[in-house]
Amino acid sequence: MTSEHLDVLIVGAGLSGVAAAYYLQTRCPGRSYAILEAREAIGGTWDLFRYPGVRSDSDMHTLGYSFRPWQGTKAIADGPSILRYIRETAAAYGIDRKIRFGHRAVRAVWSSADARWTVEVARGPGAEPARLSCGFLFMCSGYYDYAAGYRPTWPGLERFARPVVHPQQWPEGLDYAGKRVVVIGSGATAVTLVPAMAERAAHVTMLQRSPTYVVAQPSEDVAARWLRRLLPARLAARAARWRSVLVNMGFYQIARRWPAATRRAIMGMAQRALGPGYNVGTHFAPRYNPWDQRLCLAPDGDLFAAIRSGRASVVTDEIERFTERGIRLRSGAELEADIVVTATGLVLKLMGGMALVVDGAPVELARTLSYRGMMYSDLPNLASAFGYTNASWTLKCELTAAYVCRLLNYMERRGYVSCVPRRRDPTLAERPVLSFTSGYVQRALPTLPRQGSRPPWRLYQNYLLDLISLRLSPLDDGTLEFTRG
């Protein structure tokens, strides 16, 4: 089996993989690199998800790249527009020519003697084995399992002979016009699906076990439009990006500091949107505080408008069992359905499920500590892109890519061939890497790395703090261990 060597291997050709490639080829122009993409297309999440209404729940001034600002009129963009933007960015910088499609990274083995990773790949439809090696491995493969989403097991599901679909595997050509649809779930996907399907369906019911905070926001950013009129294009884009960063950070800090007041404000917004007679306390009043889970966005209040029109409704109850005609609830009511959509969440899977081995020893990510939210204790020459849970994914991914380039250039200047974070402080306390109470996070916590109680092992989830830390902090900080060849 032949083995090709590159300086850097990027795994994943989605939003973060394209960003990583841009920074690598502009800030480390002498480094050879390739992108391994398991699927046959650029775009990652935005190519995978095809359900009705798929869109971002982050504004495009921050979800878009700082080096190629979003020029669309809508700040909350639909999935096909985001996919087109990613592909056009990859083509504009020649990044698309560096992608090896149909290359699924299966296993990566590190050798300290050779100071390199050997990556075993399954190539093409027949999973033909191949092998590549690299000096540095940059994982940009997202955070969830692309093969399938999460679906609970419900009694009697086999009795329901009509379509049951998960948004992650949306069947092409599914006809729901004039049909009764039940969407199980209350997260961002359900909040997106309900108003989109209600445009053609006879009726759409959002069946939720417990409510989620839903915030209405204009899909078009009026302030950004004015900035484009007043300022040169590049300056306007930068100003719009920073305005979004600061507004979103401010709202998050207010929500965490004054949760009761924020809760009242969000529920008041829902009450005004739905009318004085609507039972907001039952259907839009979660048991948790704002930002204990990610807030859901309703662009232009589309979910509220669909409910007001009578084309959609919300039922807050638990499923007792499926029947031949629909779903029997704990309350005794039955929801009749022609189609059931299980918007019940994702399955977290870091690094695409790729196995890691360091000097002959298998690596358990759950036994590692996250270093600066991108590297892992005792894992040499490896970084992963993982965005914010309380802000746009791309903000952290760009900071990570810039840091990796700074690290690679630092190592080259000093003749280092490897770097690895080492945990040397025995008093460092361990904490969950994510503090969200969302079901998909809680299900995955036993398999995820941990974080520490102090920097650089602590995750800020704060763009300004990360910007200062990752741009200005010394690389030789007493935690990174460097080795010369």
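The lining of the second largest cavity comprises 6 nonpolar, 7 polar and no charged residues (nonpolar: Ala, Val, Leu, Ile, Met, Phe, Trp, Tyr, Cys and Pro; charged: Asp, Glu, Lys and Arg; polar: the others, Gly among them). The model is predicted: local features need pLDDT of at least 70, side-chain atom pairs count only at pLDDT 80 or more, and totals for chains, interfaces and linings use all residues. Residues are numbered from 1 along each chain as its sequence is written, and side-chain values use heavy atoms, without hydrogens and water.

A cavity is a set of points on a 1 Å grid over the protein atoms alone where a 1.4 Å probe fits but cannot get out; lining residues have an atom within 4 Å of a point. Points are joined across faces, edges and corners, and a volume is the space filled by probe spheres set on them.

The second largest cavity has a volume of about 120 Å³. It is lined by 13 residues, with Asn248, Met249, Asn390, Ala391 and Tyr463 closest to its centre. Helix H7 (residues 233-257) supplies the largest share of this lining, 5 residues (helices are DSSP runs of H or I, at least four residues; strands are runs of E, at least two; both are numbered from the N terminus).

The whole structure holds 3 cavities of 30 Å³ or more.

Elsewhere, 3 strands form an open antiparallel sheet, ordered S13-S14-S15 (strands pair if DSSP finds at least two bridges between them). Strand S14 (residues 326-329) is joined to S15 by 3 bridges. Arginine 328 has glutamate 334 in S15 as its bridge partner.

Methods: On a 1 Å grid over the protein atoms alone, a cavity is a set of points where a 1.4 Å probe fits but cannot get out, and a pocket is an open set with protein on both sides within 12 Å along at least five of seven lines; lining residues have an atom within 4 Å of a point.
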